[in-house]
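The sequence and structure are shown below.

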Amino acid sequence: ARQVIYTGELTVQVADAEQAAGEARDLAVGVGGYLARQDTDLGSDQQSSATLRVPAKSFDDVMEQLADFGTATVRKVDSYDVTDQVVDLEGRLENAQTSATRLRELLAKAENIQNVVAIEERLTQREAEIESMTGQLEVLEDQVDLATITVTFTEQSAAAVSDDLPGPVDALRAGAVS
């Protein structure tokens, strides 16, 4: 089976950015995901960004639902096939575990201090490699299992009309003077 990491980015214009971010969080939780991060700017450019982690099987559906919160202005989807990396790590991990088992057997049979020290040193290195590869595999598996969606909600602002603009009579007068 292919191991694919999905990421998506959306920018959506909405009436209330903070409310939309809350609804996005609820949507993620509803499909078995969670809110990883949220930033809200309550200044003049009201906007709220949320990073959601959702099950990969729900990725497309969640992207569509988030776009329907308002008017989507940006949509980006990336996928990364990490199957080769996973297979490589699993193979290297299996080899390192086998090697560690052999080193433990040799350590049990070691008869002098020099051999014990040398074997323990190698075993410590091998165990560190095992921990590192195990951690890398866990990270990849988490990224494959849970897609990442970053959605930015911006508030639709009404076009501002300035009272300082000249009216038609003022424009005619200004044209007549010059």
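Apart from neighbours within four places in sequence, Ser49 is in contact (heavy atoms within 4.5 Å) with Arg37, Gln38, Asp39, Val151 and Thr152. The model is predicted: local features need pLDDT of at least 70 and side-chain atom pairs count only at pLDDT 80 or more, whereas totals for chains, interfaces and linings use all residues. Residues are numbered from 1 along each chain as its sequence is written, and side-chain values use heavy atoms, with hydrogens and water left out.

**Ser49 and strand E3**

- Ser49 belongs to strand E3, residues 47-55; helices (H or I, at least four residues) and strands (E, at least two) are DSSP runs numbered from the N terminus.
- With a relative accessible area of 18%, Ser49 is buried; buried means under 20% relative accessible area, exposed over 50% and partly exposed in between, for a 1.4 Å probe and protein chains only.
- Eight of the nine residues of E3 are buried, so the strand is mostly covered.
- The side chains of Ser49 and Thr152 make a polar contact at 3.1 Å. Such a contact is a pair of N or O atoms within 3.5 Å; within protein, one must be able to donate a hydrogen and the other to accept it, and residues adjacent in sequence count only if both atoms are side-chain atoms.

**The sheet**

- Five strands form an open sheet with mixed pairing, in the order E2-E3-E5-E1-E4; two strands pair if DSSP finds at least two bridges between them.
- E2 and E4 each have a single partner strand and stand at the edges, so one side of each is left without a neighbour in the sheet.
- On average, neighbouring strands of this sheet are turned by 10° against each other, direction ignored. Axes are lines fitted to C-alpha atoms, for helices over the stretch in contact, and angles run from 0 to 180 degrees between N-to-C directions.
- Strand E2 (residues 34-41) runs antiparallel to E3 and is joined to it by seven bridges, with Asp39 opposite Ser49.
- E3 also pairs in the antiparallel sense with strand E5 (residues 146-155), over nine bridges; here Thr51 stands opposite Thr150.

**Helices**

- H1 lies across E1, E2, E3 and E5, and runs at about 5° to E3.
- H4 packs on the sheet, where it touches E1, E3 and E5, and its direction makes about 55° with that of E5.
- In helix H2 (residues 59-67), the buried residues are Phe59, Val62, Met63, Leu66 and Ala67. Seen down the axis of H2, they fall within an arc of 135° and so line one face of the helix; the arc is that of the directions from the helix axis to the C-beta atoms.
- These buried residues of H2 pack against strand E1 (4-14), helix H1 (17-30), E3, strand E4 (71-81) and E5.

**Salt bridges**

- The structure holds nine salt bridges, each a side-chain nitrogen of Lys or Arg within 4 Å of a carboxyl oxygen of Asp or Glu.
- Asp39 and Arg37 meet in one of them (2.8 Å, N to O); Asp39 is partly exposed at 38% relative accessible area, whereas Arg37 is exposed at 51%.
- Arg53 forms a salt bridge with Asp142, their closest N and O atoms being 3.1 Å apart. This pair links distant parts of the chain, with Arg53 in strand E3 and Asp142 in helix H4 (residues 113-145), 89 residues apart.
- Arg53 counts as buried at 9% relative accessibility, while Asp142 is partly exposed at 33%.
- The side chains of Arg126 and Glu129 also meet in a salt bridge (3.1 Å, N to O); the two residues are three apart in H4 and therefore separated by about one helical turn.
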